[in-house]
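Please take a moment with the model shown below before reading on.

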Amino acid sequence: MAAETYFYKGGLNCAEATLRCLIEEGVIDAPQEAVRMMTGFGGGMQRGTTCGAVVGAVAALGWVTGRTEPEQAREPSAKAVREFLREFESSFGTLNCRELQAAYVKEHALRSEGMYRSCTVFVERTIELVRDILTQTNATE
């Protein structure tokens with residue numbers, strides 16, 4: 001899977017790798033340059049808060065289901081995001097980077113090789129969930 005190529009071995013952070021993989025796999029039709037906006041979200045927004053893969057997923061779901069005008073419905077996006085968050089939490093027990101690392105990463109230091117190797121599972125699961133949610137969304141439209 002491309003997640004390992006970009007995240008673990010390729011040097012992109014979790015948020016960047018998530019969005020890049022979703023773009024390259026054709027799950028979302030966003031320009032490659034959109035990956036830039038994810039740089040600050042890696043490592044739980046550089047603070048160990050919300051997992052960067054989760055932030056990348058919410059951005060991708062918003063790209064497809066979001067709105068550009070206030071009179072447009074926000075429910076399609078809210079529904080997709082709620083479903084994603086529920087499924088991610090069901091898989092891992094939390095959305096929080098520091099808590100994910102405490103549970104899944106043996107070397108609890110951000111930026112360690114162990115973190116990248118272990119956190120790849122979060123990026124991979126995120127890509128799978130977004131793909132599934134958007135496939136379901138497109139099937140019901």
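Leaving aside neighbours within four places in sequence, which residues is Glu-16 in contact with? With contact meaning heavy atoms within 4.5 Å, they are Val-35, Met-38 and Thr-39. The model is a predicted one, in which local features need pLDDT of at least 70 and side-chain atom pairs count only at pLDDT 80 or more, whereas totals for chains, interfaces and linings use all residues. Residues are numbered from 1 along each chain as its sequence is written, and side-chain values use heavy atoms, with hydrogens and water left out.

Glu-16 is found in helix α2, where helices (H or I, at least four residues) and strands (E, at least two) are DSSP runs numbered from the N terminus. Glu-16 is buried and yet lacks a salt bridge, the nearest side chain of opposite charge being that of Arg-20, 8.6 Å away. Here buried means under 20% relative accessible area, exposed over 50% and partly exposed in between (1.4 Å probe, protein chains only). A salt bridge requires a side-chain nitrogen of Lys or Arg within 4 Å of a carboxyl oxygen of Asp or Glu, and in assigning charge Lys and Arg count as positive, Asp and Glu as negative, while His and the chain ends are not counted. What the side chain of Glu-16 does make is a polar contact, at 2.6 Å, with the side chain of Thr-39; such a contact is a pair of N or O atoms within 3.5 Å, and within protein one must be able to donate a hydrogen and the other to accept it, with residues adjacent in sequence counting only if both atoms are side-chain atoms.

In the loop between α2 and α3 (42-48) lies Arg-36, which counts as exposed because its relative accessibility is 63%.

Leu-61, not counting residues up to four places away in sequence, touches among others Phe-84, Val-130 and Ile-133.

Helix α3 holds Met-45, whose phi is positive, near 60°, and Gln-46, whose phi is near 65°.
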